[in-house]
Amino acid sequence: MILDTSWLLELYRVPGYFEESRSPQVREETAEVVEAGCELFVTVPVLFEVASHITHVRDGRLRRSLSERLRDDTASSIERESPWTIATVGREILLRSQDVIRLAERFLEESGPNYSFAGISIIDLATKLRRPERTVTILTFHRQLAAYSG
């Protein structure tokens with residue numbers, strides 16, 4: 001399973017970026033996936049997008065709390081691969097210059113309003129992980145991105 005920015009914003013309940021009505025469903029579905037032993041993946045561009053949304057939270061205490069949670073989850077993921085695995089290129093967490101250029105080239109090619117660096121990184125990861133015996137699901141609220149599940 002690959003987590004999109006929209007899914008993480010629901011899990012973190014980032015004000016202005018989550019919907020109260022669907023948040024319980026997201027938590028429940030995520031818990032079921034984890035209990036089933038499925039691995040959750042997050043790409044580095046998704047983490048950047050989530051962090052960017054957190055910076056817009058007006059309440060300073062909540063912004064700090066969300067920032068700490070993101071930091072702790074990221075550190076935990078690197079150390080123990082929990083709560084999710086950060087999908088990387090090689091051993092480096094941050095993208096290498098050639099990876100950023102490749103994303104920029106894909107961004108230009110796609111040139112649609114719904115394909116950010118994060119979206120492109122998710123599509124690329126789904127393509128990489130997909131095998132005949134393995135289904136890859138993208139947990140997202142964006143229909144175009146969800147279409148790459150399978």
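The following legends describe close-up views of a predicted model of a single chain.

**Figure 1. Overall architecture of the chain.** The predicted model contains seven helices and four strands. Their order along the sequence is β-α-α-β-α-α-β-α-α-β-α. The radius of gyration is 15 Å, close to the 15 Å that the globule rule gives for 150 residues, so the chain is as compact as a globular protein of that length. Along the principal axes, the C-alpha atoms fill a box of roughly 40 × 35 × 30 Å. Buried positions account for 38% of the 150 residues. Of the contacts between residues at least 6 apart in sequence, 57% join residues at least 24 apart.

Figure 2. Helix H1 comprises residues 5-12. Eight of its eight residues are buried, so H1 is largely enclosed by the rest of the structure. The buried residues are Thr5, Ser6, Trp7, Leu8, Leu9, Glu10, Leu11 and Tyr12. Glu10, a charged residue under the classification used here, is thus listed with a relative accessible area under 20%.

**Figure 3. Packing of helix H1 against helix H3.** H3 spans residues 44-54, and its axis lies 9 Å from that of H1. The two helices pack at an angle of about 45 degrees, which makes H1 oblique to H3. The crossing of H1 past H3 is right-handed. On the H1 side, the contact involves Thr5, Leu8 and Leu9; on the H3 side, it involves Val46, Glu49, Val50 and His53. By residue class, this contact divides into four nonpolar, two polar and one charged.

**Figure 4. Packing of helix H1 against helix H2.** Helix H2 covers residues 23-35. The axes of H1 and H2 come within 9 Å and cross at roughly 105 degrees. Angles of 65 to 115 degrees count as roughly perpendicular, and H1 and H2 are therefore roughly perpendicular to each other. Trp7, Glu10 and Leu11 of H1 meet Ser23, Val26, Arg27, Glu29 and Thr30 of H2. The residues of this contact comprise three nonpolar, two polar and three charged. Trp7, Glu10 and Leu11 are also among the buried residues of H1.

Figure 5. With a relative accessibility of 28%, Arg13 counts as partly exposed. Tyr12, in H1, is by contrast buried.

Figure 6. Ile54 is located in helix H3, which ends at residue 54. Its relative accessibility is 2%, so Ile54 counts as buried. Leaving aside neighbours within four places in sequence, Ile54 is in contact with Val14, Arg63, Leu66, Ser67 and Leu70. Ile54 and Phe107 are separated by 53 residues in sequence and by 24 Å in space, C-alpha to C-alpha.

Figure 7. Leu125 belongs to helix H6, which runs over residues 117-129. A relative accessibility of 9% means that Leu125 counts as buried. Not counting residues up to four places away in sequence, Leu125 touches Ile2, Phe41, Thr43 and Ala87.

**Figure 8. Exposed position of Leu108.** Leu108 lies in helix H5, which comprises residues 97-110. Its relative accessibility is 66%, so Leu108 counts as exposed. Leu108 and Tyr12 are 96 residues apart in sequence, and their C-alpha atoms are 31 Å apart in space. Tyr12 is one of the buried residues of H1, whereas Leu108 is exposed.

Conventions. Residues numbered from 1 in each chain as written. Predicted model: local features only at pLDDT ≥ 70, side-chain atom pairs only at ≥ 80, totals over all residues. Heavy atoms only, no water. Axes fitted to C-alpha atoms, helices over the stretch in contact; angles between N-to-C directions. Parallel < 35°, antiparallel > 145°, perpendicular 65-115°, else oblique. Left-handed = near helix turned anticlockwise from the far one by under 90°. Contact = heavy atoms within 4.5 Å. Rg over C-alpha atoms; globule rule 2.2 N^0.38 Å. Buried < 20%, exposed > 50% of the residue type's maximum accessible area, 1.4 Å probe, protein only.
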